[in-house]
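Here is a short tour of a protein model, written to be read with the structure open beside you. Let's take a look together.

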Amino acid sequence: MVSNPVHGLPFLPGTSFKDLTKTAFHRSQTLGYRNGYAVVRRPTVGIGGNRLQVNQLSQADLDELANSIPILTYGQPRQAPPAAFIPAHVAFDKKVLKFDAYFQEDVPMSTEEHYRIRQVHIYYYLEDDSMSVTEPVVENSGIPQGKLIKRQRLSKNDRGDHYHWKDLNRGINITIYGKTFRIVDCDKFTQVFLESQGIELNPPEKMALDPYTELRKQPLRKYVTPKDFDQLKQFLTFDKQVLRFYAIWDDTDSMFGECRTYIIHYYLMDDTVEIREVHERNDGRDPFPLLMNRQRMPKVLVENAKNFPRCVLEISDKEVLEWYTAKDFIVGKPLTILGRTFFIYDCDPFTRQYYQEKFGVSDLPRIDMSKKEPPPMKQELPPYNGFGLIEDSAQNCFALIPKAPQKDVIKMLMNENKVLRYLATLESPIPEDKDRQFVLSYFLATDMISIFEPPVRNSGIIGGKYLGKTKVIKPDSSVENPVYYGPSDFFIGAVIDVFGHRFVILDTDDYVLKYMESNAAQYSPEALLSIQNRIQKQEAPAPELDGQRVEEEPGVQDMEALIDTIQKQLKDRPCSDNIREAFQIYDKEASGYVDRETFFKICGSFQLPVDDSLIKELIRMCSHGEDKIDYYNFVRAFSS
């Protein structure tokens, strides 16, 4: 504490001195007790014990001074000067009247609401008689809100008059820009201001509420927890404990139905059921994991809830008498869920342990549901309809897109362009068919037969192709196991049944004789004997009747003589087999005839002397019609 002991010196730096003898610097006590009452004592000394240099007045003196009248001391006060003029924009600055109002807005494009109530605040600014309308912003309302009408002077009629604060009151309607606003209340400042101006205010009204907004505020559903069951305890006790059952759904009785396997999960924490699908590799199904989502399953419904729209609304306890529980899932018993009957045939070890501890059921054996493979069914082909080959028709029964039957490629390569030709006649009771002759061609590569009838002039029968290339079934074979004609069935004297027509073989060509000689093992003794008799008849002289030799037909005799003459004259003859094979390549139908252009083309390739007079005569005799030539008899002239 710094003090100045020398009186009269200014209290300035350098003129004050510290009293080193003072050691107490506390404040003096101003509170005390007298006769048990707390009293206040005025301090006489300051900090450090220095005496205060003030006038010490008693409490009575202070009270007398406080109650004195200033007029007695100072006299009558002077009249205050008149207040200065204050303009309205200064006097009413920041003074605003606030009214609560609403207006009704039509909603024509909604089925849930027909009109909408919109609450607003109307502000009247006293400084310039302007007004503004503001709507409180509601989050996620989808409506443009905020300042609906900006601050301006608003006209109230067609004469151009504007709204004044005297026109505003509670419980009235005002029209602004075609919208009618209902004023229901105002704030405290507005009420005091209007009453001070002598305006009698109407009683406040209740603010109208939007019906759709109030409907949205209502709770959708109220859940009441029963007092006799503690779901929280069940949740905490059986959390993550799930019973697993393996079941099948047999729908084979319906059209396109099948037997499918499923996994049923029963959650002990909330008694919900879930059904999962079991997918196998390449099963052809979309990988949907769930057949039924996790939910509580009703077991018994109330009588009035059978027509409850369960596919749209959620079922509550009011519509259900009994729910499915864990005791309803037993291995070996069927279970109907959502109209489907599931048969439970197995469960996991945890489920077996739970049933043994909870229900005392220890015997839950697994039921074998494996399907026994039925014996393979013998595929029966439909009866043959007579069109095409049996092998081709059978391919339509083996696959949706039929494929051609497999062919013996090695046999086709070895016997390519090898044809056995026979001369045959038709065995028929009709007299006109007795003189008809046919050429039967047997193709060794494909075992097919074709029949050609050489045209005969003035016979009344059109010659040509009689039967296209096809396989012919023997008459004594069945349709299920067809047996086709083979090379061993063709010999002189044999009868060939071709689709009901009987042909008798009369003669063969030289190639058939060579083929039978090289493959004698596959022919019967009867066939070999017929060929032997044919050769003997050719070598034997012509028989005589009454001393005269039986003459052959003139045309045949002249051709045979011409062929012998050509064979004797031609020394450098090409191989007849090569010539015959060349003609057979162009003779696709194996008829024994080729056209004239092809004939001379082949003769030119082998350098045959077609300009020779004998050859020209032979060509003339082998000609049939204007465009066909019999190359069979022509090739005989070049054989050795």
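## Ground rules

A residue is called buried when its relative accessible area is under 20%, exposed when it is over 50%, and partly exposed in between, using a 1.4 Å probe and protein chains only. Helices (H or I, at least four residues) and strands (E, at least two) are DSSP runs, numbered from the N terminus.

This is a predicted model, in which local features need pLDDT of at least 70 and side-chain atom pairs count only at pLDDT 80 or more, while totals for chains, interfaces and linings use all residues. Residues are numbered from 1 along each chain as its sequence is written, and side-chain values use heavy atoms, with hydrogens and water left out.

## The whole protein

The protein has 16 helices and 27 strands. Of its 640 residues, 30% count as buried. Take the contacts (heavy atoms within 4.5 Å) between residues at least 6 apart in sequence: 47% of them join residues at least 24 apart.

## A six-stranded sheet

Now find the open sheet of six strands, ordered S6-S5-S4-S3-S8-S7 with antiparallel pairing. Strands pair here if DSSP finds at least two bridges between them. Strand S6 (146–152) and strand S7 (173–176) stand at the edges with a single partner strand each, so one side of each has no neighbour in the sheet. From one strand to the next, the twist averages 30°.

Helix H4 (residues 188–196) lies across strand S3 (96–106) and strand S8 (179–186), running at about 110° to S3. Axes are lines fitted to C-alpha atoms, for helices over the stretch in contact, and angles run from 0 to 180 degrees between N-to-C directions.

## Strand S5 and its partners

Five of the six residues of S5 are buried, so this strand is largely enclosed by the rest of the structure. Strand S4 (residues 115–125) runs antiparallel to S5 and is joined to it by five bridges; Ile122 has Val133 in S5 as its bridge partner. The hairpin of S4 and S5 has four residues between the strands, and there Asp129 takes a positive phi near 55°.

S5 (residues 130–135) is also joined to S6 by four bridges, again antiparallel. Met131 has Gln152 in S6 as its bridge partner.
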